[in-house]
Amino acid sequence: MKKTLIIAVLLTISCGSFAKTTATIKANEGKDKINREIYGQFAEHLGSCIYGGLWVGEDSPIPNINGYRKDVFEALKNLQVPVLRWPGGCFADQYHWKDGIGPRDKRPSLRNNNWGGTMEDNSFGTHEFLNLCEMLGCEAYISGNVGSGSVEELSQWIEYMTCEQGTPMANLRKANGRDKAWKVKYLGIGNEAWGCGGNMRSEYYADIYRKYATYCHSYPYNRLVKVASGASDYDYDWTKVMMDRIGHQANGLSLHYYTVTGWSGSKGSATKFDNDQYYWTMGKCLEIEDVIKKHCAIMDEKDPHKRIALMVDEWGTWWDEEPGTVRGHLYQQNSMRDAMVAALSLNVFHRHTDRVKMANIAQVVNVLQSMILTNDKGQMVLTPTYYVFEMYKDFQEATYLPMDVTTENIMVRGDNHSNNQQRSVPTISTSAAKKADGSIVLSLSNVSLDKAEEVEVSLDGANAKTVSGRILSSKNITDFNDFNNPELIKPAAFKDAKLSKNVLKVKIPAKSIVVLNIK
């Protein structure tokens, strides 16, 4: 039985047929850059994310570049992906890297016991992943096998990837056709150690981490950023133990947070949901801000100078698999609701950029809240979430600007883990940042399903003369792109922004995401 939600709109300001939001951007008070790696991606050996998504092989009839799907590669190149995490996820702790090197026809197959029992031929391994990162111009984030691997295995993998010459693993790499070492910036020492990565207690994992971190050396010309396996959403005790016992032996601590529905019996459909479910989802996704604040407060006690980054290296929506797809492959559609989750979540990450230095949405192709959907007929679809990331590109490396915002609030039931029975969802979600050229990028998302919003933004400390922008919206919040209608939802030019004497007036339709560039 579906649970009934409590939803009430608190009207604070009204203006004709529009609700009214006011905001002030403090253009001279920015301090922290929005690390581009907040826009990171995640590629796990799960379903058709790798095989059929990123990789089809050189002999495939599907157009490819050295085995990488050409359409997917070009879409990701356009997205300016800053960092890519691989090979998992849960898969990482069953992955043995030596199975994925050398001639592809000699590599052993493996059964993916985590995700559907699928047989994989290991044709996509270390060389294929790191070469892809080079082609995309993004940083590599390797998730190391701690659950079923050994310290020696992981330390040898690092040597294979990043040691220039003279060692056994460097020589093995050269024998496999790669003379020059790769650059690998991030190393995750295990994944979800509290769950699929070994079901460890926090104290036990802290000792394991210290051991692995000791032997995972940085080689000349490649400094590893070592990331400890952090908490699942509300497990604040895990973070406390990590900070107490690992301390500055880690450069980063991960956090996983999924927007999963509270409906009994299933996670709910990605495309068939009612208004109550939509608003609940907005409240759930925004609860990540409370979660980040609480983890950051624990980290601040031991690390007040914020030398250890918080890495939200798995986040996004998680719905039921689409009917007719392979169980365990986590293939789900992606609607305008998912685009709203992406925009609101990215705005939260911006606000905490002093500690949150990376985020990796799950996942890049064909899995959960993906950027791209593909099929074996050579068709590709860009999802509404893809377009949010594309519209938000200008936030990468821009300086976050504080804002004062007054807007209506929508009250929805809180999450089961929350102390509050209700939570407040702002009708307008905002973020602003100053680019290197002095221009300002501003995002405005109208969460309301039925009410347009008039937003008046004062630009304090700016000397603005022009404004331009784009909008992402659709007739129904349940709308999505598919192979029969791949462009139902896509960005369009936005004309309802007027600038006069450093005051910006914007009229935003319901269920819309607007990104403006102010010069």
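Predicted model: local features only at pLDDT ≥ 70, side-chain atom pairs only at ≥ 80, totals over all residues.

Me: How many cavities of 30 Å³ or more does the structure hold?

Reply: Rolling a probe the size of a water molecule over the atoms shows where empty space is left. Here there are 2 cavities of 30 Å³ or more.

Me: Which elements give two or more residues to the lining of the largest cavity?

Reply: Start with the lining residues, which include Arg85, Tyr141, Ser143, Asn191, His256 and Asp313. The elements giving two or more residues are β10 (139-144), β12 and β13. Strand β12 has the largest share, 3 residues.

Me: How does that lining divide into nonpolar, polar and charged residues?

Reply: The lining of the largest cavity has 3 nonpolar, 7 polar and 2 charged residues.

Me: What lines the second largest cavity?

Reply: Its lining is made up of Tyr39, Gln41, Leu79, Gln80, Val81, Pro82, Phe389 and Gln396. By class, 5 of these are nonpolar and 3 polar, with no charged residue.

Me: At what angle do the axes of α1 and α9 cross?

Reply: Two packed helices are described by the angle between their axes and the distance between the axes. For α1 (residues 70-79) and α9 (residues 384-391), the axes cross at roughly 40° and come within 9 Å. Ala75, Asn78 and Leu79 of α1 make the contact with Tyr386, Phe389 and Glu390 of α9. That contact has 4 nonpolar, 1 polar and 1 charged residues.

Me: Which residues of helix α6 are buried, and what covers them?

Reply: In α6 (residues 236-245), the buried residues are Trp238, Thr239, Val241, Met242 and Met243. Their cover includes α5 (202-215), β12 (225-232), β13 and α7. After α6 comes glycine 247, with a positive phi near 55°.

Me: Is threonine 271 buried or exposed?

Reply: Compare the relative accessible area with the cut-off: buried means under 20%. Threonine 271 has 13%, so this residue is buried. Threonine 271 sits in the loop between β13 (252-260) and α7 (275-302). Leaving aside neighbours within four places in sequence, threonine 271 is in contact with Gln333, Thr478 and Phe480.

How values were computed. Residues numbered from 1 in each chain as written. Heavy atoms only, no water. Helix = DSSP H or I, 4+ residues; strand = E, 2+ residues; numbered from the N terminus. Buried < 20%, exposed > 50% of the residue type's maximum accessible area, 1.4 Å probe, protein only. Contact = heavy atoms within 4.5 Å. 1 Å grid on protein atoms, 1.4 Å probe; cavity = no way out; pocket = protein on both sides within 12 Å on 5 of 7 lines; lining within 4 Å. Points joined across faces, edges and corners; volume = space filled by probe spheres on them. Nonpolar A, V, L, I, M, F, W, Y, C, P; charged D, E, K, R; others polar. Axes fitted to C-alpha atoms, helices over the stretch in contact; angles between N-to-C directions.
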